[in-house]
Amino acid sequence: MRELKRTLARSSIYARAAALDMVESVSRDATVRKEHWQITGTVEVYGNQSRVAVEVTQQEENCSELHIKMLSPAPNLSPDGQNRVLIFLADGMEQLLENTSAQGN
């Protein structure tokens, strides 16, 4: 199972909102499990549909950790392609956080 982990310089409330926005923008079946605050969904990235799980945990006051796991890759998606899907999602989430910061929210 492929996994990507990043540290985000934002509190978990903002990081979770960005994660949810990003996953919902590329998935029709995004689901949030509130007890563990995990988002799962079948995302379509670069024409391939893969099932992923996204978790955001609070590390410090203004620092969160993002975990994205590839649960079920699209058929015939190479390991490099799987990594690109995870990077696409993480980059999108970070961009949403930057946009929010730039707007002063």
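A crossing of two helices is left-handed if the near helix is turned anticlockwise from the far one by less than a right angle, and right-handed if clockwise. I began with this convention and found that α1 passes α2 in a right-handed crossing.

**Entry 1: basis.** I noted that this is a predicted model, in which local features need pLDDT of at least 70 and side-chain atom pairs count only at pLDDT 80 or more, while totals for chains, interfaces and linings use all residues. Residues are numbered from 1 along each chain as its sequence is written, and side-chain values use heavy atoms, with hydrogens and water left out. I took helices (H or I, at least four residues) and strands (E, at least two) as DSSP runs, numbered from the N terminus.

**Entry 2: the helix pair.** I looked up the geometry of α1 and α2, whose axes come within 9 Å and cross at roughly 125 degrees. Axes are lines fitted to C-alpha atoms, for helices over the stretch in contact, and angles run from 0 to 180 degrees between N-to-C directions. Angles under 35 degrees count as roughly parallel, over 145 as roughly antiparallel, 65 to 115 as roughly perpendicular and the rest as oblique; α1 and α2 are therefore oblique to each other. I then listed the residues that make the contact (heavy atoms within 4.5 Å). On α1 they are Y14, A15, A18, A19, D21, M22, V23 and V26, and on α2 they are F88, L89, G92, M93, L96 and L97.

**Entry 3: the sheet.** I traced an open sheet of five strands in the order β1-β5-β4-β3-β2, with antiparallel pairing. Two strands pair if DSSP finds at least two bridges between them. The edge strands, β1 and β2 (31-33), each pair on one side only. On average, neighbouring strands are turned by 25 degrees against each other, direction ignored. Between β2 and β3, which run antiparallel, I found three bridges. R33 stands opposite Q38 in β3. Helix α1 packs on the sheet and touches β1, β2, β3, β4 and β5; the direction of α1 makes about 175 degrees with that of β4.

**Entry 4: the core.** I used the definition of a nonpolar core as a set of buried Ala, Val, Leu, Ile, Met, Phe, Trp, Tyr and Cys residues joined through side-chain atoms within 4.5 Å. Buried means under 20% relative accessible area, exposed over 50%, and partly exposed in between (1.4 Å probe, protein chains only). The largest core holds 26 residues, of which V43, V54, L66, I68, V85, L89 and M93 touch the most other members. Two or more residues come from each of β1, α1, β3, β4, β5 and α2. Residues up to four places away in sequence not counted, V85 touches V43, V45, M70 and L77.

**Entry 5: single residues.** I checked T40, which lies in strand β3 and counts as buried at 13% relative accessibility. Apart from neighbours within four places in sequence, T40 is in contact with D29, A30, T31, R51, V52, A53 and L71. R10 lies in the loop between β1 (3-8) and α1 (12-26) and is also buried, because its relative accessibility is 14%. R10 and R51 are 41 residues apart in sequence and 26 Å apart in space, C-alpha to C-alpha.

**Entry 6: positive phi.** Y46, in the loop between β3 (38-45) and β4 (48-60), is not a glycine, yet has a positive phi of about 55 degrees. Y46 is exposed, with a relative accessible area of 55%. N76, in the loop between β5 (63-72) and α2 (79-102), is not a glycine either and has a positive phi of about 65 degrees. N76 counts as exposed at 83% relative accessibility.
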